[in-house]
Every structure is written in structure tokens, then in C-alpha cells.
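Work through the following exercises with the sequence and the model at hand. Each task is followed by a solution in steps.

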Amino acid sequence: AVVPHPNDGQAVIKNVLRITADAAEVSFWANGLLLAAVPRAQAPVEGSFGFRSGRGVNLHVSTLDLTERLAPPRRR
């Protein structure tokens with residue numbers, strides 16, 4: 001799901017990463033594809049958030065948002 005860099009020195013690659021957390025589970029997404037979902041107790045999401053990357057990684061973050069629902073999701 002994550003688009004790798006082509007190593008041509010010119011390309012700009014965009015990957016959209018998303019984490020959603022509801023009362024039951026935490027889901028991890030990359031470019032609209034669900035990668036994993038775990039019970040919320042296994043992935044505590046309270047506290048601060050941000051990015052951690054390894055050495056030699058060229059990382060450009062254009063947006064980092066925290067969105068909190070004020071009401072429960074609508075039932076379909």
C-alpha cells in the first residue's frame with residue numbers, strides 16, 4: 001500500500017497515512033487501504049502524537065491533524 005521511492009533522484013512520492021481510533025479498535029491505513037486493525041486495548045492512543053523515523057530518512061510532512069468526533073457516527 002505504501003508507494004516506494006523509485007531512487008531516480010527526481011520523483012516526489014506522496015503517501016497518505018491515517019490512523020483511526022474508535023471505542024472498539026484502532027485501524028492503520030495507507031493510501032486508502034486498511035493495513036491492520038487491532039483492539040483498542042492493544043494500541044493505546046491517549047497522549048501525545050507525532051512521527052518517529054530512522055536515520056537517513058528524508059521525510060517531509062505536509063499535514064498532521066488530530067480530529068475528534070463531537071458526536072457518535074451516524075447509523076446507516
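**Exercise 1. A residue and its patch**

Where is the place of Phe 51 relative to β3? Classify its exposure and find the surface patch that holds it.

Solution. The model is a predicted one.
Step 1: β3 covers residues 33-39, and Phe 51 lies in the segment after that strand.
Step 2: the relative accessible area of Phe 51 is 48%. Exposed means over 50% and buried means under 20%, so Phe 51 is partly exposed at its 48%.
Step 3: Phe 51 belongs to a nonpolar surface patch whose other members are Val 2, Leu 17, Phe 49, Val 57, Leu 59, Val 61, Leu 64 and Leu 66. Together the patch residues have about 880 Å² of accessible area.

**Exercise 2. The largest pocket**

Solution. 
Step 1: the largest pocket holds about 2,200 Å³ of space.
Step 2: its lining has 47 residues, and those closest to the centre are Leu 17, Arg 18, Ile 19, Leu 64 and Asp 65.
Step 3: at least two lining residues come from β1 and at least two from β2. β2 gives the most, with six residues.
Step 4: compare with the patch of Exercise 1, where Leu 17 and Leu 64 are also listed.

**Exercise 3. A charged pair**

How many salt bridges does a search of the whole structure find? Name the partners and classify each.

Solution. 
Step 1: the search finds one salt bridge.
Step 2: the partners are Glu 46 and Arg 40, whose side chains meet at 2.6 Å, N to O. The cut-off for a salt bridge is 4 Å.
Step 3: Glu 46 has 59% relative accessibility and therefore counts as exposed.
Step 4: Arg 40 has 24% relative accessibility and therefore counts as partly exposed.

**Exercise 4. A backbone angle**

Solution. 
Step 1: most residues other than glycine have a negative phi.
Step 2: phi of Asn 31 is near 50°, a positive value in a residue that is not glycine.
Step 3: Asn 31 sits in the loop between β2 and β3.
Step 4: with a relative accessible area of 33%, Asn 31 is partly exposed.

**Exercise 5. Two separations**

Solution. 
Step 1: Val 38, in strand β3, is ten residues from Phe 28 along the chain, and their C-alpha atoms are separated by 8.8 Å. Val 38 counts as partly exposed, at 23% relative accessibility.
Step 2: Thr 63, in the segment after β3, is 59 residues from Pro 4 in sequence, with 20 Å from C-alpha to C-alpha. Thr 63 is exposed, at a relative accessible area of 51%.

Definitions and conventions. Residues are numbered from 1 along each chain as its sequence is written. This is a predicted model: local features need pLDDT of at least 70, side-chain atom pairs count only at pLDDT 80 or more; totals for chains, interfaces and linings use all residues. Side-chain values use heavy atoms; hydrogens and water are left out. Patches are made of residues with over 30% relative accessible area and no salt bridge: like charges are joined within 9 Å, nonpolar side chains (Val, Leu, Ile, Met, Phe, Trp, Tyr) within 5 Å. Accessible areas come from the Shrake-Rupley method with a 1.4 Å probe; for residues, only the protein chains shown count as cover. Helices (H or I, at least four residues) and strands (E, at least two) are DSSP runs, numbered from the N terminus. Buried means under 20% relative accessible area, exposed over 50%, partly exposed in between (1.4 Å probe, protein chains only). On a 1 Å grid over the protein atoms alone, a cavity is a set of points where a 1.4 Å probe fits but cannot get out, and a pocket is an open set with protein on both sides within 12 Å along at least five of seven lines; lining residues have an atom within 4 Å of a point. Grid points are joined across faces, edges and corners, and a volume is the space filled by probe spheres set on the points.
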